[in-house]
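Q: Please take a close look at the shell of residues around the ligand. Where does this shell lie, and what supplies it?

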Amino acid sequence: MLKIRVPATSGNLGPGFDTIGMAFELYNDISFELIPSGLNIDILGEGASEIPRRENNKVFQAAKKVFDKVNFSPSGLKIILENNIPIARGLGSSASIIVGGMVAANELSGKRLSDQEILKMAVEMEGHPDNVAPALFGGVTAAVSGISSVDYLKILPPRKLHAIVAIPDFQLSTETARQVIPTMVDRSDAVFNIGRTSLMIGALLKEDLALFGKMMEDRLHQPYRMSLIPGMREVFSLAKEAGALSVAISGAGPTLIAFVVGDGRPVAEAMSKAFTQQEISCKTLDLYPDL
Ligand code: HSE
């Protein structure tokens, strides 16, 4: 049986809407085995009671895109998903499933597609590259979808940097969280985000973590999503008071992510306290440098 491990990811990182993403040491494991006939899907962990086990399963659909592309017809397929990434919380569960299904299918069918081809197909299926790129390559990625390819840059995260994620106990679909964002933006807001995204990447390359934290503000999506995440304003302000370098919505939310250097416990406690009305779980995640 072939097992593929895919990391959780956080998209956007504040200003890098649909572009910047980061991988963590939290994983889904996706196993594939060729069997004589049929489709047999077993799901353990997160989403075990809600994820379909038939042809409409996302891992299978992702795998099928690869099989169709390389003209490979498996006689039958057994899939086991061991899910540790919470579903619809802004931690890249969808990207991990798409990337895992495509990489596993590519391995089973003779590894005929390059990473670049897998990336392009995964972006087409997910709709934006900020989660699938770090899910495939690890680290921090900046990725842009072009007509014929997806251009990306991977940066190894500074070792001193840690993330604290506060994960509320409710799901927020990316579709819903995208509907609240205006389709037109003010020039001043575009400039605000372009400047911060550029400096954030430069700060990571230079390991200037104070500058990295300072550049995580956003005007393109976070202000509009605040209404979907009760307590967000308080979490941002208490986490910063407790020493966080920066705080952002993880992906489309509802998880909020803070970055720290050193002991993250005061920030984790502050985030839990600020999310008053809800059950939340706070985790410290190590950044995942490589595959
Ligand atoms: N960039 C995406 C968004 C990430 O913010 O909608 C969610 O998948």
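A: The element α5 gives the largest share of the shell around the ligand, 3 residues. Both α4 (129–137) and α5 (174–179) supply at least two residues each; helices (H or I, at least four residues) and strands (E, at least two) are DSSP runs, numbered from the N terminus. This is a predicted model, in which local features need pLDDT of at least 70 and side-chain atom pairs count only at pLDDT 80 or more, while totals for chains, interfaces and linings use all residues. Residues are numbered from 1 along each chain as its sequence is written.

Around the ligand there are 13 residues, of which G11, D18, T174, G251 and A252 come nearest; a residue is near a molecule if its C-beta atom, placed from the backbone, lies within 6 Å of it.

The shell lies between domain 1 (2–156) and domain 2 (161–287), because both give residues to it. These bounds come from an automatic or database domain assignment. The C-alpha centres of domain 1 and domain 2 are 24 Å apart. Their contact takes 25 residues from domain 1 and 32 residues from domain 2, two residues being in contact if their C-beta atoms, placed from the backbone, lie within 7 Å. On the side of domain 1 that touches domain 2, β2 provides the largest share, 5 residues.
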